Amino acid sequence: MSPGGATMSESTRRAVVVLGVLTLLGGIAGIVYSAGQSFTAPGGARVGELMHLNPLGSWVSIGLGGLTIVAGWRRSITLAFVAVAGFAACVVAVTLGANRDVNPLGGTASTVGFHLGPGVGVLALALAERAASRATAADLEPRSSDDPEHQRS
Amino acid sequence: MATSSSLLGSPVDAPGLEGRVSRLGIALLRIVVGVTFLHEAAWKRPPEFGRDTGRGLWEWSNFAVEYPVFLPYSWFVEYIVQPNFILFGWTVFFLEAALGAFLILGLFTRLTAVVCVFQSLAITFSVLNQPVYSEWDYAYYLLIGANLAIIGTAAGRHYGLDAALRPLWQRSNGRLARLLLRAS
């Protein structure tokens with residue numbers, strides 16, 4: 001069970017899965033473009049026209065994409081928050097490493113965007129779903145003025 | 001009015017565009033503009049952002065001072081940006097990464113596109129008169145126009161995350177949810 005008892009609606013589940021698939025595809029493209037690079041090359045390969053990733057950054061993206069897909073598939077808000085933490089860790093790692101000798105994921109500012117977008121997207125979906133569930137639950141609870149027990153006291 | 005469910009949410013909440021071709025077209029425009037910003041973020045290189053070599057972001061922002069387009073902006077760059085250039089560099093680093101990613105995904109789209117208009121104006125005021133690189137002026141006007149179209153059509157509600165988020169924000173009672181509804 002997720003925190004607060006909230007699970008994902010169908011549209012949220014679909015959106016989370018799409019974000020996971022996009023991240024997964026970016027990671028797979030990274031594997032293709034960074035073939036031949038050392039695993040943690042600080043200057044990652046240019047992936048299409050979008051971003052830079054080395055093999056480690058590509059595999060991490062594949063893992064995060066897979067985790068996000070599972071979170072959506074199982075409608076698990078808890079797993080979605082775990083994925084958000086992973087995306088945040090990638091943003092921090094690339095920010096600290098960009099254009100430096102030690103750049104474990106081989107990323108640039110574009111790579112920050114590649115992880116920031118799905119991270120903020122999944123976070124927004126999970127928080128909005130939880131807030132909407134709470135609002136619905138609050139609407140369903142009887143008001144104190146309608147509660148005969150409350151009126152007697 | 002189209003009532004069929006799209007991949008991400010329902011198009012019913014997105015007035016003004018009828019038909020799948022129109023909605024796909026504006027979504028494609030949003031994604032292309034997002035890719036442009038994400039692509040351009042890559043050459044903002046920390047930690048000096050070109051201040052040590054006279055290249056990169058330092059060179060391009062300095063064009064606003066050397067070859068002024070709009071004098072108040074040139075003054076702003078000379079007396080506010082350049083003395084705080086590293087802070088400016090990091091701001092651009094995160095801003096362009098976020099703008100690109102959010103436009104591609106259709107997240108907080110109207111707010112993102114408003115910021116893109118200002119960012120595009122800042123770039124235009126920096127480079128329009130510089131003679132060093134061959135630039136196509138109309139690219140900047142197109143970028144501004146494309147972002148205005150994205151704002152006007154609420155493009156994130158067409159095959160974007162805003163389409164999935166707006167029904168949830170509408171069910172919430174919070175002030176943040178109401179603000180995000182306006183931002184999308």
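Ala154(B) is buried, its relative accessible area being 4%.

Colleague: Where does Ala154(B) lie?

Modeller: In this predicted model, Ala154(B) sits in the loop that joins helix H6 (137-153) to helix H7 (161-171) of chain B.

Colleague: And what is phi of Ala154(B)?

Modeller: Phi of Ala154(B) is near 50°, a positive value in a residue other than glycine. Most residues other than glycine have a negative phi.

Colleague: What about phi of Phe49(B)?

Modeller: That angle is positive too, near 55°, and Phe49(B) is likewise a residue other than glycine. Phe49(B) belongs to the loop between H1 and H2 of chain B.

Colleague: Is Phe49(B) buried or exposed?

Modeller: Phe49(B) counts as buried because its relative accessibility is 1%, and the limit for buried is under 20%.

Colleague: Which peptide bond is cis?

Modeller: The bond from Pro46(B) to Pro47(B) is cis, with omega near 0°. Pro47(B) lies in the loop between helix H1 (20-41) and H2.

Colleague: Turning to Val65(B), which helix holds it?

Modeller: Val65(B) is part of helix H2, residues 56-66 of chain B. With 23% relative accessibility, Val65(B) counts as partly exposed.

Colleague: Which residues does Val65(B) touch, leaving out those up to four places away in sequence?

Modeller: Val65(B) touches Ser74(B), Val77(B), Glu78(B) and Gln82(B).

Colleague: What is the mean pLDDT of chain B?

Modeller: The mean is 92, and 92% of the residues in chain B reach 70 or more. Over residues 1-5 of chain B, however, the pLDDT is below 50.

Terms used. Residues numbered from 1 in each chain as written. Chains lettered and ligands numbered in written order. Predicted model: local features only at pLDDT ≥ 70, side-chain atom pairs only at ≥ 80, totals over all residues. Heavy atoms only, no water. Helix = DSSP H or I, 4+ residues; strand = E, 2+ residues; numbered from the N terminus. Buried < 20%, exposed > 50% of the residue type's maximum accessible area, 1.4 Å probe, protein only. Contact = heavy atoms within 4.5 Å. pLDDT = per-residue confidence, 0-100.
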